[in-house]
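Here are my notes on this one, in the order I would go through it with the model open.

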Amino acid sequence: MAKNKRLNAARATVERNKPYGLTEAVALVKGNAKAKFDETIELSLNLGIDPRHADQMVRGLISLPNGTGKTLRVGVFARGPKAEEAKAAGAEVVGAEDLAEKVQNGEIEFDRCIATPDMMALVGRLGKILGPRGLMPNPRLGTVTMDVKGAVAAAKSGQVEYRAEKAGIVHAGVGKASFDEAKLVENIQALVDAVQKARPSGAKGTYLKKAALSSSQGPGVRLDVTTLSA
């Protein structure tokens, strides 16, 4: 009941059909983030694409300038010296066949998965498990690499993966409610810039159609897309 009252009070502060400028929207969403934990601030972008077509897929990784406020658990498929390198870099889970067996048993104790190229024959057999969770290593995203140390460090530093869903919508966390407004604005602009640069060749017409900002337990706020660029 208390949660519903809080949400209704927050909704009363937002004009549902009004597109807010970025700075005003950030202040509004921060002000409405009143849960007992540090809520994640989430950005949603509605793109003019159809991800079912290969030439209209939007996906990538970006290191936000002010981090995400979230510590990712990193899993690495590697052997020998590269496995030791991963452990030294701070990866929570490192292994080969033993790690694959854990994944097959539903023990997925990581939020980002990295693999050395020689491990992809093994990791490929886990595609039906890792793929739907967005955890499948991908060379284009830098998660299939011999630079294990660099990949783990990037994941730990506040790297965000963005990927368009079936409806052409990208969802991503851009920080915490405790962040300064200026840092949230900077993170949002960095993510939008990355998505803009990732515009696929098959996208026609208006690319960035709509955008909204919200906190974990707060109402969504429509954004004026013209205010999103740095």
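1. Start with strand β3 (residues 74-77), which is covered on both faces. Val74 and Val76 on one side, and Gly75 and Phe77 on the other, are all buried; buried means under 20% relative accessible area, exposed over 50%, and partly exposed in between, with a 1.4 Å probe and protein chains only. Strands (E, at least two residues) and helices (H or I, at least four) are DSSP runs, numbered from the N terminus.

2. Before going further, the ground rules: this is a predicted model, in which local features need pLDDT of at least 70 and side-chain atom pairs count only at pLDDT 80 or more, while totals for chains, interfaces and linings use all residues. Residues are numbered from 1 along each chain as its sequence is written, and side-chain values use heavy atoms, with hydrogens and water left out.

3. Who sits beside β3? With strand β5 (residues 112-115), β3 pairs in the parallel sense over four bridges, and Val76 has Ile114 of β5 as its bridge partner. With strand β4 (residues 93-95), the pairing of β3 is again parallel, over three bridges; here Gly75 is bridged to Val93 of β4. Pairing requires that DSSP finds at least two bridges between the two strands.

4. Put together, that gives an open sheet of three strands in the order β4-β3-β5, with parallel pairing. β4 and β5 are the edge strands, each pairing on one side only. Neighbouring strands are turned by 15° against each other on average, direction ignored. Axes are lines fitted to C-alpha atoms, for helices over the stretch in contact, and angles run from 0 to 180 degrees between N-to-C directions.

5. Helix α4 (residues 97-104) lies across β3 and β4 and runs at about 120° to β4.

6. Next, helix α3 (residues 80-89) against helix α7 (residues 148-156): their axes come within 8 Å and cross at roughly 30°. α3 and α7 are therefore roughly parallel (angles under 35 degrees; over 145 is roughly antiparallel, 65 to 115 roughly perpendicular, and the rest oblique). The crossing of α3 and α7 is right-handed, that is, the near helix is turned clockwise from the far one by less than a right angle. Lys82, Glu85, Ala86 and Ala89 of α3 make the contact with Val148, Lys149 and Val152 of α7, where contact means heavy atoms within 4.5 Å. By class, this contact has four nonpolar, no polar and three charged residues.

7. The other helix pair to check is α2 (residues 22-32) with α8 (residues 181-197), packed at an angle of about 120° with axes 10 Å apart. α2 and α8 are therefore oblique to each other, and their crossing is right-handed. On the α2 side are Leu22, Thr23, Val26, Ala27 and Lys30, which meet Glu181, Leu184, Val185, Ile188 and Gln189 in α8.

8. Last, Pro65, in the loop between β2 (59-63) and β3. Leaving aside neighbours within four places in sequence, Pro65 is in contact with Glu186, Asn187 and Ala190. Pro65 and Gln159 are 94 residues apart in sequence, yet 9.2 Å apart in space, C-alpha to C-alpha.

Notes. Nonpolar A, V, L, I, M, F, W, Y, C, P; charged D, E, K, R; others polar.
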